[in-house]
Amino acid sequence: SGQYPYSRMYLFVQTSLPDQKQINDTLECVLAKQSGQLLGNKKWIGKGFGNLYYNKIPYKINIRFPVSGKYEVTIEQGMRDVVLPEVFDIGLRVEKVK
């Protein structure tokens, strides 16, 4: 929501491949830009309705899955707060490359 206290969010992304290998990444998600001189005066990036915003943040662009089979992706927030205030949902979308 627009009440999220930070302008960024860090996510730890762990991908388990069918051949038992694992890939670990840290993804920085820029959610807002500073607007003016006042600290905390943010302009949210993305689309929204009312006080809710959503973003599509690219991750692993134009890659091929190296092994056939089941992949498992785990996303964990990487911020210092145990619970992130005003964050309601995070998802992952896989799109076929054209």
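**Close-up views of a predicted model**

Figure 1. The structure shown here, as in every view below, is a predicted model. Glutamate 86 belongs to the segment that follows strand 7. The backbone angle phi of glutamate 86 is positive, about 70°, although the residue is not a glycine. As background, most residues other than glycine have a negative phi.

**Figure 2. Glutamine 20 in the loop between strand 1 and strand 2.** Glutamine 20 is located in the loop that lies between these two strands. The phi angle of glutamine 20 is near 75°, a positive value in a residue that is not glycine. Is glutamine 20 buried or exposed? Its relative accessible area is 69%, and glutamine 20 is therefore classed as exposed, the cut-off for this class being over 50%.

Figure 3. In general, strands of a sheet pair through backbone hydrogen bonds.

**Figure 4. The pairing of strand 1 with strand 2.** Strand 1 comprises residues 8-16 and pairs with strand 2 in the antiparallel sense over 9 bridges.

**Figure 5. The salt bridge between glutamate 28 and arginine 8.** The whole structure contains 3 salt bridges. In the one formed by glutamate 28 and arginine 8, the closest N and O atoms are 2.5 Å apart. This pair links distant parts of the chain, since glutamate 28 is in strand 2 and arginine 8 is in strand 1, 20 residues apart. Glutamate 28 is partly exposed, with a relative accessible area of 37%, and arginine 8 is also partly exposed, at 35%.

**Figure 6. The salt bridge between lysine 60 and aspartate 25.** The side chains of lysine 60 and aspartate 25 meet in a salt bridge with an N to O distance of 3.3 Å. Lysine 60 lies in the loop between strand 6 (52-54) and strand 7, whereas aspartate 25 lies in strand 2, so the pair ties together parts that are 35 residues apart in sequence. Lysine 60 is partly exposed, at 40% relative accessibility. Aspartate 25 is likewise partly exposed, with a relative accessible area of 22%.

**Figure 7. The salt bridge between arginine 93 and glutamate 95.** A distance of 2.3 Å separates the closest N and O atoms of arginine 93 and glutamate 95, which form a salt bridge. Both residues are exposed.

Figure 8. Lysine 42 is part of strand 4, which spans residues 42-44. Although buried, lysine 42 has no salt bridge. Which side chain of opposite charge is nearest to lysine 42? That side chain belongs to glutamate 86, and it is 11 Å away. A polar atom of the lysine 42 side chain lies 3.3 Å from the backbone oxygen of proline 5. The backbone oxygen of tyrosine 6 is 3.5 Å from a polar atom of the lysine 42 side chain.

Technical notes
Residues numbered from 1 in each chain as written. Predicted model: local features only at pLDDT ≥ 70, side-chain atom pairs only at ≥ 80, totals over all residues. Heavy atoms only, no water. Pairing = 2+ DSSP bridges. Helix = DSSP H or I, 4+ residues; strand = E, 2+ residues; numbered from the N terminus. Buried < 20%, exposed > 50% of the residue type's maximum accessible area, 1.4 Å probe, protein only. Salt bridge = Lys/Arg side-chain N within 4 Å of Asp/Glu carboxyl O. Lys, Arg positive; Asp, Glu negative; His and termini not counted. Polar contact = N/O pair within 3.5 Å; in protein donor to acceptor, adjacent residues only side chain to side chain.
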